[in-house]
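The structure is shown below.

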Amino acid sequence: MDLARTEVAEAAKETVAAPRAPRRPGSVARLGLMVLPVVFFGVFFAHPVAAIVVRGLKADGTWDLGRIGEVLGDSGIRHVLWFTTWQALVSTALTLLIALPGAYVFARFDFRGKETLRAVVTVPFVLPTVVVGTAFLALVGRGGLFDELWGVRLDTTVWAILLAHVFFNYAVVVRTVGGLWAQLDPRQEEAARMLGASPLAAWRKVTLPALGPAVAAAALMVFLFTFTSFGVVQILGGPTFSTLEVEIYRQTSEIFDLATAAVLTLVQFVAVGLILAVHAWTVRRRETALRLVDASLTARRPRGAGQWALLGGVLVTVVVLILLPLGVLVERSLDAPGFGYYKALTSDDSGIFLVAPIEAVGNSLTYALAATAIALLIGGLAAAALTRRAGRLVRGFDALLMLPLGVSAVTVGFGFLIALDEPPLNLRSSWILVPLAQALVGVPFVVRIMLPVLRAVDERLREAATVLGASPWRVWREVDLPMVRRALLVAAGFAFAVSLGEFGATVFIARADNPTLPVAVARLLGRPGDLNYGQAMALSTILMVVCAVALLVLERLRTDRTGEF
Amino acid sequence: MHITKKATVLVVGLGLVTLSACGSSGSGDSGTGSKTVTLVSHGSFAYSKDVLKAFEKESGYKVKVLKSGDAGQAVNQAILTKDNPQGDVFFGVDNTLLSRALDNGLFQPYEAKGLDKVGAEYQLDQDEHRVTPIDSGDICVNYDKAYFSKNKIEPPQSFDDLVKPEYKDLLVTENASTSSPGLGFVLGTAAKYGDDGWEGYWEKLKANGVKVVDGWEQAYYQEFSGSTDGKKAGGDRPLVVSYASSPPAEVVYADPKPKTAPTGVATGTCFRQIEFAGLLSNAKNAEGGKALIDFLISKKFQEDMPLNMFVYPVVEGASVPAEFTEYGPAAKDPETMAPEKIAENRDQWVKSWTSLVLK
């Protein structure tokens, strides 16, 4: 989520602040740094994904590539492809429409509680999709809040899916676009006005072109996330709506047509590759000089009725779109007298789990901590390798690190099950499988957050240290570490939050006796009865609170640095 | 476990080189030792703890149960992991998916002790004994008694009835590609109307306003007006595809218990489902697995099943609880279909059904 935002900073720093690094023979060291990340992605990403695709397309030792044409020619599959693209486009447009005013307000207005609110709008992004689906079901589903009040039901309509997607990705736009917007020098627009341009013309001629690439990057990220949407569509879509990712899941898990699933995985792979390529292109195009200023200088208290109305409008949007679904979740979790649903979480006689549901909290925290450690190690090494100006090869490596964000988590999960079950990597029954899968999603965040900061470290400092006789390790400890410590913490926080919420892959590999929070929520939801439903709401609320606390801490860390974090 | 976890976190923090070592130290805990036998099943598997304890005491084995997903998912996951299975015995493959499990070599043969007391009509793999029948149940349309008496309409009895105008917009069923009762109902119509007639029947059913939802839980607890939860949720469909044992379940779980079940069964709309257990091909504790399968068809477990999973025992002489006979009428000649025939046609039928009914 903050990836695009940090890239903005990255581009900005390279053009404004970062001294040009002299070329020097660092490629051996770089290769050294890349070894572990490459091995990690090879073993825990490429290998499992390839294994499940091969398993689907290779029948009795021979390749059955005819299946590709067959599957793509199927009218039902083409309908899925069409719907996937259509809903992603509409979701993206809707998100931009609703979130851009929010980006402006967060960038340019100063008001009380702004930092807290910024953390609050980010909470949905790190929530597991099951929980988001559940929150919307409680809001617009049968017997939901809207149903009770006005008899309005949106479940099994496409509107529920679109709204949930906006809810989910609001923060992507606010943070990516708003982050840059806050740093654009408002005096440029004022200068244009003084030269006689109307407010609209000044905005269109000055601000919009500067913001354009950030908007494009945010749009592409939203498109990527909605294109690969799984939990939301699965819960809210009913039997009629299906995205590519949901279809891969159905074909693998329910119909057991591995060939079709493999073809669809390849299709999604190509689509995601394209989206990431366009994204990389817009990022590079953005590397034009922008006059950036300290964000704290551009925000002021709203003046005049118009600005207050805009602020009010954005606050209402945030309340209705984000706080209401989250609030309904909390309200439903308290629907039993005396915290009944929370108390029920501590008992193990529901028959669903072998353990009390509350133990999922401990499992989740342990797994997420391990995943964070792995993601920091792998992502940190990768970011260090990418720090110095790089050629095509390394840029390719950069893009490779992003792929796990867009490749079917279901495929990864099943891939883990069938690929990592033999010595020397017989991890099938080991708990480490879950953190490994979660780390795959965490690494891109770590890289995106660390990279701009590492690139901003003045190379001359490192050189000076080396000249004075410091070992590379000492240079890193004395020069790099103090400067990136904060970024490291932020990266850790994000990796932790996304690991905590990871569902798609975890659902296949989490062992029945060690469920994670999202898995436990999904399983409780799949069972009938008030008590199970209430417990699902209570667990979701706990998960939400943990994520929110993590984000609030991050927001505190961010404030005293005027740059990107 | 916790010490292993912490240690591993540390090791991972230092470098991933020792990862494989951690893997094996982790698996030492997974219960594959000779004194533990692991049963893999779907999410609906349920039992009385006392009964299982009695088995553990008699046999000396400790039983570990791993449940995940619905029946179809559990079977598929078991097939994908069959080279290095998660357990020793798998329970919960039914006749609609049996061929998939057998064709993929999921099970190894074992002729369970006490199999002679299991009716021949349940033994669908009698020649090779790769699976052992454990329970049976009938997938049937259930109706909301209150709705039909209030509106002075006779509840439907047969497949033919369901397409009549008086039952327009009343039936909710499950997605045949994602739900086992949904699939069973489609197979029931295929058995009844034949390869050429079932699609025409579904066209009529669709024209008569059948509603399709993804899973049984949603259909029964949300849409069906006759179930306790469905009433609460404002369900407005008085006909639902469920089980013949659902009416007794409504009584057993009600507080206070009603004199008669609030729901009834359209006895001419049933399809017979049989669930099996088998010894996994690469079971690490085959001996324990065999003992466990013997136990699953012992009278003790068979008589414990009905009120836990709402299924019927398959062993002769195992008594059925009074609630079943009192509140749940038995199906009249349920439709059946040979597993080979299901295997041959299932995927194509589900595909045709999907484009016919959902698209």
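## A loop residue in chain B

In what follows, a residue is called buried when its relative accessible area is under 20%, exposed when that value is over 50%, and partly exposed in between. The model discussed here is predicted. Asn282(B) has a relative accessibility of 36%, and therefore counts as partly exposed. This residue belongs to the loop that runs between strand β10 (271–280) and helix α12 (286–296) of chain B.

Leaving aside residues up to four places away in sequence, Asn282(B) touches Lys82(B), Asp83(B), Pro85(B) and Gln108(B). With Lys82(B), the C-alpha atoms are separated by 6.8 Å although the two residues lie 200 residues apart along the chain, and the side chain of Asn282(B) reaches the backbone oxygen of Lys82(B) at 2.8 Å.

## Chain A as a whole

Chain A contains 25 helices and 4 strands, and of its 565 residues 57% count as buried. Among contacts in chain A with a separation of 6 or more, 80% are between residues 24 or more positions apart. The chain exposes about 21600 Å², with carbon and sulfur atoms supplying 65% of that area.

## Salt bridges within a helix

Side chains of opposite charge can pair when their charged atoms come close. Over all chains, a search of the whole structure finds 19 salt bridges.

One of them joins Arg474(A) to Glu478(A), whose closest N and O atoms are 3.5 Å apart. Because these residues are 4 residues apart in helix α22 (residues 472–501) of chain A, they are separated by about one helical turn. Arg474(A) is partly exposed at a relative accessible area of 44%, and for Glu478(A), also partly exposed, the value is 44%. Glu478(A) forms a salt bridge with Arg477(A) as well, at 3.2 Å between the closest N and O atoms, and Arg477(A) is partly exposed with a relative accessible area of 38%.

## A pair across strands, and a network

In chain B, the side chains of Arg272(B) and Asp138(B) meet in a salt bridge with an N to O distance of 2.7 Å. This pair links distant parts of the chain, since Arg272(B) lies in strand β10 and Asp138(B) in strand β5 (residues 132–144), 134 residues apart. Asp138(B) has 6% relative accessibility and so counts as buried.

In chain A, Arg67(A), Glu70(A) and Asp257(A) are joined into one network by salt bridges that share partners.

Methods:
Residues numbered from 1 in each chain as written. Chains lettered and ligands numbered in written order. Predicted model: local features only at pLDDT ≥ 70, side-chain atom pairs only at ≥ 80, totals over all residues. Heavy atoms only, no water. Helix = DSSP H or I, 4+ residues; strand = E, 2+ residues; numbered from the N terminus. Buried < 20%, exposed > 50% of the residue type's maximum accessible area, 1.4 Å probe, protein only. Contact = heavy atoms within 4.5 Å. Polar contact = N/O pair within 3.5 Å; in protein donor to acceptor, adjacent residues only side chain to side chain. Areas by Shrake-Rupley, 256 points an atom, 1.4 Å probe, with all protein chains shown as cover. Salt bridge = Lys/Arg side-chain N within 4 Å of Asp/Glu carboxyl O.
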